[in-house]
Amino acid sequence: MGVKARAQALPGQEINVDEQRGLSVEGLLPSTVMRPEDAEDAARGLHLCDLAPAAVVVWGGGTQMRLGAPPRRYEVAFSTERMTRLLEYEPADLTCRVEAGIRLRDLQAALREQGQRLPLDPPHPERATVGGMVAANTNGLSRGRYGTVRDWVIGIAVAYPSGKVARAGGKVVKNVAGYDLMKLHIGALGTLGVVAEVNFKVQARPEMETTLLTHFEAPAPALGVGLKLAHQYLAPASAIVQDHESLPPPLAGEGRGGGRWHLALKFEGYAREVQAAKDQAVRFVREAGGIVQEAEIPSAFWDAARDWSTPADDEVVLRAIVPLAASPLLMAAVPPDARVLAQPASGVVDVRVPAPSAAATLSRLRTAAGAEGQVVVVAAPVALKQGLDVWGPPPPGFPIMRALKQALDPNGILNPGRFVGGI
């Protein structure tokens, strides 16, 4: 069958070259696009793809499309751009139900009108969608204080290639087929089904927030202070350790005399608690030999830090997740030409590294992380990524993961090859 005939046989709408380029993934172009209106429509569309069969890559806002291995095949772009409704919102119950295509910025704006928020802040919220956040398990910089995506999801609806929609959590008493569907799909990168709706619990917005920027000569004491503060009652909402070159340009100039490493802390809550937490942090920093920056921190600082790990260019980004106490050992393995953003309260260390040394740095970090840690390739040019082990060795439970893939997507049409072990 010729290329044109194959495209005409595929489900979905044919698209022109410019649209294909806009929906490209790791150099592969789709032939058609599907834009379902709701969960049931998504299930019908997936079933048509399954009958073809046609390889599907799910699109939300596109902020996490560089995560994962290159797909083995890609024929249909499955976009959630029309699934953007806030379906239910009960401010008194602190819960909401949304479609997967709603952007985080829009959801937060609706919650803000009632003095509430979802304390998850993935990169580029102006483009990032709820479905993408759930599928990629992107949590933002506050996971040490507020937890991860799975801590805030209370219900989910998922469309499957079988043409069915499964719902779990929320008001559902028993999960379908005995699986915990919420945990099953969070972080699965859309390889088991398409997240169509999500139920969240939300919280009241804090009364105030403030930022403290401190400087150290070495990363270890900065990490130590961050970890110590995480164990306090008045823990920071966010805590990050950065090397000097990773600071936003205005702050990089101001911080030059304070040391090469910087610990930034965000405090939020009631005014009295925030001041007490800040005073405690200042004391801990000075006891560890650090310097407190007195100048005011620009409001855009945390936006830049949040987006730091998803650069728009072809930079290589590696992410290590290790036990909290292992962060200093991992940081010691980072080469001098790399740049770092670490979260001492959650054991997450993001590293930007030059492409020529990416493979060597990846191997070095995996050795430092050991059996209890994991290092993955978050972003890399496709030519380089094809030579890297993006996910590392499959976990001990991989046979179960493979069996689930076979049960839920027997024809392997969903993001084929992108996840752990080539799932």
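Between domain 1 and domain 2 of this predicted model, six residue pairs are in polar contact, both partners having pLDDT 80 or more. On the side of domain 1 that touches domain 2, five residues are nonpolar, two are polar and three are charged. Two salt bridges are counted between domain 1 and domain 2. A salt bridge also joins D121 and R306, whose closest N and O atoms are 3.8 Å apart.

Domain 1 is made of two segments, 1–205 and 393–423, while domain 2 covers 208–306 and domain 3 covers 313–385. The C-alpha centres of domain 1 and domain 2 are separated by 35 Å.

The boundary between domain 1 and domain 2 can also be described by its contacts and its area. Ten residues of domain 1 make contact with ten residues of domain 2. The size of an interface is often expressed as the accessible area lost when the parts come together. For domain 1 and domain 2, the buried area is about 800 Å², and carbon and sulfur atoms contribute 45% of that area. Within domain 1, the residues that lose the most area to domain 2 are D121, L141 and R145, which together account for 63% of what that side buries.

Finally, the confidence of the prediction deserves attention. The chain has a mean pLDDT of 92, and 94% of its residues reach 70 or more. Over residues 172–178, however, the pLDDT is below 50; in the model this stretch has eight contacts beyond near neighbours in sequence. Where pLDDT is low, predicted coordinates should not be read in detail.

Notes: Residues numbered from 1 in each chain as written. Predicted model: local features only at pLDDT ≥ 70, side-chain atom pairs only at ≥ 80, totals over all residues. Heavy atoms only, no water. Domains from an automatic or database assignment. Contact = heavy atoms within 4.5 Å. Buried area = accessible area lost by both parts, 1.4 Å probe. Salt bridge = Lys/Arg side-chain N within 4 Å of Asp/Glu carboxyl O. Polar contact = N/O pair within 3.5 Å; in protein donor to acceptor, adjacent residues only side chain to side chain. Nonpolar A, V, L, I, M, F, W, Y, C, P; charged D, E, K, R; others polar. pLDDT = per-residue confidence, 0-100.
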